[in-house]
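Hello,

Here is the structure I promised to pass on to you. Please open it alongside this message, and my notes on what turned up follow below.

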Amino acid sequence: MIKNNPAANILVVEDNAGDFILVESYLDYELMPVIVQAKSFGEASSMLFPGDVHFDVILLDLTLPDNSGEKLITDIVSLSAGCPVIVLTGYTDIEFSIKSLSLGVADYLIKDEINSSSLYKSILYTIERKKTIKELEESEKRYSDLFQLSPQPMWLYELGTLKFLDVNAAAIKHYGYSREDFLSMNVKELIPYEDTTENGSTFPKENDLLMLPIICRHRKKNGEIIQVELQSNIINFKGREAYIALSIDITERLNYIAAIEKQNEKLQEIAWIQSHVVRAPLAKIMGLIDLIQNHDPSDTEKDDLFKHIINSANELDALIKETVNKADIAT
């Protein structure tokens, strides 16, 4: 709280001595501030322009010797560098008070109606509001940095219409569409025509989008078809419900897996050939040798058996060569 912060610096832009003393007494009663007075717009601008003096809040009277009214508000707000401005005035014009808030004023107080408590609350709420806004801006900047600097394509699109709301640099580079192209499209238009049905695109249902990951095909601007893994979640974007999506190109990974599976099929075929086809002529040779060794065939029978052995050997040799060729192709 400000009461525990003696370093709170307050600039009071007020030329009326009586009003300044009253405001000072209110502040001293509730706070322990460092109060600086500027009696004119010129003095205030000299204190604000260098940027070496930090103020937590500016209390501004609307009637000064060298500036007043709407122009004074505009000039002070432009010099305040984000420091909140609270107007203290004798004017009770409701329309003007509303307009002053639209010009960047944090609060609008009538001098005759303020007291130490109301002034303290206004200052406290104004400073806390500034802190909240600053934290929100920093949070939005962190989001923006994470989004824009992501090495993976990311985009935001609106629920219902599916129109792109924002897209990062990685998506523009990877897909080839310009930012303007993306913002004129909806996410269904990334899906190739051949992946659509008579009832429209095969784009996943909204409930399915949160069941991560989803694999589908996308078409780049140059016509190249890629396989992507989509990961999505719901986010509030500028007051609208939207999906934030991360697109990971897995085309090379799937091609590699497909190549491995094809290679495994060939290796399985080779294993089958070795265990079945190659074994047939080998079994013949072994049977013929057994006849020669154990059954004492005649010379004529031996010649016939040797011919069968040679034929089986040639058959085995051809099968081995065919298997080697298949193995070379598989690797």
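**What I found**

Thr126 has its place in helix 5, which covers residues 116-148. Please keep in mind that this is a predicted model. Is Thr126 buried or exposed? Its relative accessible area is 2%, and buried means under 20%, so Thr126 counts as buried. Leaving aside residues up to four places away in sequence, Thr126 touches Val57, Pro84, Ile86, Ala106 and Asp107.

For a contrast, have a look at Ile98, which sits in helix 4. Its relative accessibility is 55%, and the cut-off for exposed is over 50%, so Ile98 counts as exposed. Ile98 lies ten residues from Tyr108 in sequence, and the C-alpha atoms of the two are 8.5 Å apart in space.

**Helix 3 and helix 4**

Helix 3 spans residues 69-79 and helix 4 spans residues 94-102. Their axes come within 10 Å and cross at roughly 20°. Angles under 35 degrees count as roughly parallel, so helix 3 and helix 4 are roughly parallel to each other. The crossing of helix 3 past helix 4 is right-handed.

Which residues meet where helix 3 and helix 4 come together? From helix 3 they are Gly69, Glu70 and Ile73, and from helix 4 they are Phe96, Lys99 and Ser100. Sorted by class, this contact has two nonpolar, two polar and two charged residues.

Helix 3 also has buried residues: Leu72, Ile73, Asp75 and Ile76. An α-helix has 3.6 residues a turn, so residues three or four places apart point the same way. The partners of the buried residues of helix 3 include helix 4 and helix 2 (41-48). They also pack against strand 3 (57-61), strand 4 (63-64), strand 5 (67-68) and strand 6 (85-89). After helix 3 comes Ala81, with a positive phi near 55°.

**The chain as a whole**

Stepping back, the protein chain has eleven helices and twelve strands. It is 331 residues in length, and 36% of them count as buried. Taking contacts between residues at least 6 apart in sequence, 54% join residues at least 24 apart. The chain exposes about 19900 Å², and carbon and sulfur atoms supply 54% of that area.

Happy browsing, and do write back with any questions.

Best wishes

Technical notes: Residues numbered from 1 in each chain as written. Predicted model: local features only at pLDDT ≥ 70, side-chain atom pairs only at ≥ 80, totals over all residues. Heavy atoms only, no water. Axes fitted to C-alpha atoms, helices over the stretch in contact; angles between N-to-C directions. Helix = DSSP H or I, 4+ residues; strand = E, 2+ residues; numbered from the N terminus. Parallel < 35°, antiparallel > 145°, perpendicular 65-115°, else oblique. Left-handed = near helix turned anticlockwise from the far one by under 90°. Contact = heavy atoms within 4.5 Å. Nonpolar A, V, L, I, M, F, W, Y, C, P; charged D, E, K, R; others polar. Buried < 20%, exposed > 50% of the residue type's maximum accessible area, 1.4 Å probe, protein only. Areas by Shrake-Rupley, 256 points an atom, 1.4 Å probe, with all protein chains shown as cover.
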